[in-house]
Amino acid sequence: PRVAVIVVAAGSGTRLGAEAPKAFVGIDGHSILRHCLRGVFAGPAAQVVIVAPAGREGDALTDAETVGPRELVTVVTGGATRQASVAAGLSAVWADVEVVLVHDAARALTPPDVFARVIDAVDATGWGILPVLPVVDTIKRVDGVEVVAGVDRSELAAAQTPQGFRREVLDAAYASAPAEFTDDAALVAASGHRIGTVAGSERSFKITTAADLERARLLVAGVPD
Ligand code: C5P
């Protein structure tokens, strides 16, 4: 299928405690966004839509040009929420695209094989597809400080990105989104579509805190660019 990857990179990154918007924070000599795009361009994307913070569109394009063909790249300005940013990206997807992947720039070290698994599963099933990892922690449901219930972790999975959808399914779900969701699979599920999973990766962790950034630095250290 003809695939577009929407890379949402318009978050502020306040939890990282950095001055710059998170996508432009350096891991080594290169930004979170550039590392992410290197993984995206390793796959079969026919279009890469970068959703950038207002005022940083040119910087996003500069990062993209160093790792992939300029003619595949579209840069749009993000919104106040992740969902608004994805909607902005979706409106810029080319007419002939059949499968759309939505990916967090903050999952900068996601390996190319995860993209391939998601695309193959969307193609084979027509479902929405997300990569997941088993939950390793024991999880409690709490009310303030009090534990209300335990939760059977064998029934749980931790959701990652890229999340993939047939283009018309994602378009329709966004056109009628009933609320704010923290990922696209939840939004698409709310519109009645089936969602499936493929194996995620430990390397797809979302760089959110300073400790996450340190982990990313250790992982890329010594790996030639
Ligand atoms: O805030 P959170 O870590 O969940 O953000 C996940 C991804 O969504 C990040 O890559 C971030 O840049 C992006 N995002 C966005 N627009 C927003 C908020 C988050 O593109 N308004």
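Biologist: How confident is the predictor in the protein?

Modeller: Keep in mind that this is a predicted model. The protein averages a pLDDT of 95, and 98% of the residues score at least 70. For the model, ipTM comes out at 0.97 and pTM at 0.96.

Biologist: How many helices and strands does the protein have?

Modeller: There are 7 helices and 10 strands. The radius of gyration is 17 Å, close to the 17 Å that the globule rule gives for 225 residues, so the protein is as compact as a globular protein of that length. Along the principal axes, the C-alpha atoms fill a box of roughly 50 × 40 × 30 Å.

Biologist: And what share of the residues is buried?

Modeller: 40% of the 225 residues count as buried. As for contacts with a separation of 6 or more, 72% of them come from residues 24 or more positions apart.

Biologist: Let's do the ligand. Which residues are closest?

Modeller: Val-8, Ala-10, Gly-11, Ser-85 and Asp-104 are the closest, out of 18 residues that surround the ligand. That shell divides into 8 nonpolar, 6 polar and 4 charged residues.

Biologist: You listed Gly-89. Why does Gly-89 count as buried?

Modeller: Because 27 other C-beta atoms lie within 10 Å of Gly-89, and the cut-off for buried is 20 or more. Leaving out residues up to four places away in sequence, Gly-89 touches Ile-6, Val-8, Val-49, Val-51 and Val-76. Val-8 is also among the residues closest to the ligand. The C-alpha atoms of Gly-89 and Ala-52 are separated by 9.5 Å, with the two residues 37 apart along the chain.

Biologist: Switching to helix 5, which of its residues are buried?

Modeller: Arg-167, Val-169, Leu-170 and Ala-173 are the buried residues of helix 5, which runs over residues 167-175. Down the helix axis they fall within an arc of 165°, so they line one face of helix 5. On the other side, Glu-168 and Ala-175 are exposed.

Biologist: And what's packed over that buried face?

Modeller: What covers the buried residues of helix 5 includes helix 3, strand 4 (99-104), strand 5 (128-134), strand 9 (163-166) and helix 6 (184-190).

Biologist: Last one: is Val-147 buried or exposed?

Modeller: Val-147 is exposed, because it has 9 other C-beta atoms within 10 Å, and 12 or fewer counts as exposed. Val-147 sits in strand 7 (residues 146-151). Not counting residues up to four places away in sequence, Val-147 touches Lys-140 and Val-142.

Note on methods. Residues are numbered from 1 along each chain as its sequence is written. This is a predicted model: local features need pLDDT of at least 70, side-chain atom pairs count only at pLDDT 80 or more; totals for chains, interfaces and linings use all residues. Two residues are in contact if their C-beta atoms, placed from the backbone, lie within 7 Å. pLDDT is the predictor's confidence in each residue, from 0 to 100. A residue is near a molecule or strand if its C-beta atom, placed from the backbone, lies within 6 Å of it. Ala, Val, Leu, Ile, Met, Phe, Trp, Tyr, Cys and Pro count as nonpolar, Asp, Glu, Lys and Arg as charged, and the others, Gly among them, as polar. Helices (H or I, at least four residues) and strands (E, at least two) are DSSP runs, numbered from the N terminus. The arc is that of the directions from the helix axis to the C-beta atoms. The radius of gyration is taken over C-alpha atoms; the globule rule is 2.2 Å times the number of residues to the power 0.38.
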